[in-house]
Amino acid sequence: MALAKLGVVVLDCPDPRALAGFYAGVLGGTVEGKGEWVDLKVPGGPALAFQRAPGFVPPRWPAPDDSQQFHLDLVVEDLDAAEKGVLELGAQPLDAADRSRGFRVYADPAGHPFCLCAC
């Protein structure tokens, strides 16, 4: 028996509204709130939340000597089309050169790694 259920995944960042806007462009949904805490209500999926973190230092990819903290796996139907879209929204490629794999790794505008997965 579970003791709790997952409420929301929270990403620390320097600008919550801007990062919520990036993920709204990737996942759809509605950005709610302003200031220190912003929510992204995603249609048909769990919400994401974004919290202002003064002094935020983004994780590095790949960094076997440092923690990547966590990353999001985002399932897509067309890797090339999804890649084009996230790059237009401000993502940076981290590990996307191998086109034979079913995933590619990017960083969001605040530096959090995420994968586009055609799984």
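Student: How much area do domain 1 and domain 2 bury between them?
Tutor: In this predicted model, the two domains bury about 910 Å² between them, and 85% of that area is on carbon and sulfur atoms.

Student: Which elements supply the domain 1 side of that?
Tutor: Two elements give two or more residues to the side of domain 1 that touches domain 2, namely β1 (9–13) and α1 (16–27). The largest share, six residues, comes from α1.

Student: And how do the residues on that side divide by type?
Tutor: On the side of domain 1 that touches domain 2, 10 residues are nonpolar, one is polar and one is charged.

Student: How many salt bridges and polar contacts are there between the domains?
Tutor: The count of salt bridges between domain 1 and domain 2 is zero, whereas two residue pairs are in polar contact across the boundary, both at pLDDT 80 or more.

Student: Let me back up a bit. Where are the domain bounds, and how many residues touch?
Tutor: Domain 1 covers 7–54 and domain 2 covers 63–118. In contact with each other are 12 residues of domain 1 and 12 residues of domain 2, while the centres of the two domains, taken over C-alpha atoms, are separated by 18 Å.

Student: Changing topic to the strands: what does β1 pair with, and is it parallel or antiparallel?
Tutor: β1 pairs with strand β4, residues 48–52, in the parallel sense and over five bridges. Within that pairing, Val10 has Ala49 of β4 as its bridge partner.

Student: What about β3 against β4, parallel or antiparallel?
Tutor: Strand β3, residues 37–41, pairs with β4 in the antiparallel sense, with four bridges. Val38 stands opposite Phe50 in β4, and Leu40 stands opposite Leu48 in β4.

Student: What is in the turn between those two?
Tutor: β3 and β4 form a hairpin that has six residues between the strands, and Gly44 in the turn has a positive phi of about 70°.

Student: And how does β2 join on to β3?
Tutor: Strand β2, residues 30–32, runs antiparallel to β3 and is joined to it by three bridges, with Thr30 standing opposite Lys41 in β3. These strands also form a hairpin, here with four residues between them, and Gly33 in the turn has a positive phi of about 100°.

Student: Last topic, then: how many salt bridges does the count come to overall?
Tutor: The count comes to six salt bridges. One of them joins the side chains of Arg52 and Glu36, at 3.1 Å from N to O.

Student: Why does that pair tie together parts that are apart in sequence?
Tutor: Arg52 lies in strand β4 and Glu36 lies in the loop between β2 and β3, so the pair ties together parts that are 16 residues apart in sequence.

How values were computed: Residues are numbered from 1 along each chain as its sequence is written. Side-chain values use heavy atoms; hydrogens and water are left out. Domain bounds come from an automatic or database domain assignment. Contact means heavy atoms within 4.5 Å. Buried area is the accessible area (1.4 Å probe) that two parts lose on being put together, summed over both. A salt bridge is a side-chain nitrogen of Lys or Arg within 4 Å of a carboxyl oxygen of Asp or Glu. A polar contact is a pair of N or O atoms within 3.5 Å; within protein, one must be able to donate a hydrogen and the other to accept it, and residues adjacent in sequence count only if both atoms are side-chain atoms. Ala, Val, Leu, Ile, Met, Phe, Trp, Tyr, Cys and Pro count as nonpolar, Asp, Glu, Lys and Arg as charged, and the others, Gly among them, as polar. Two strands pair if DSSP finds at least two bridges between them.
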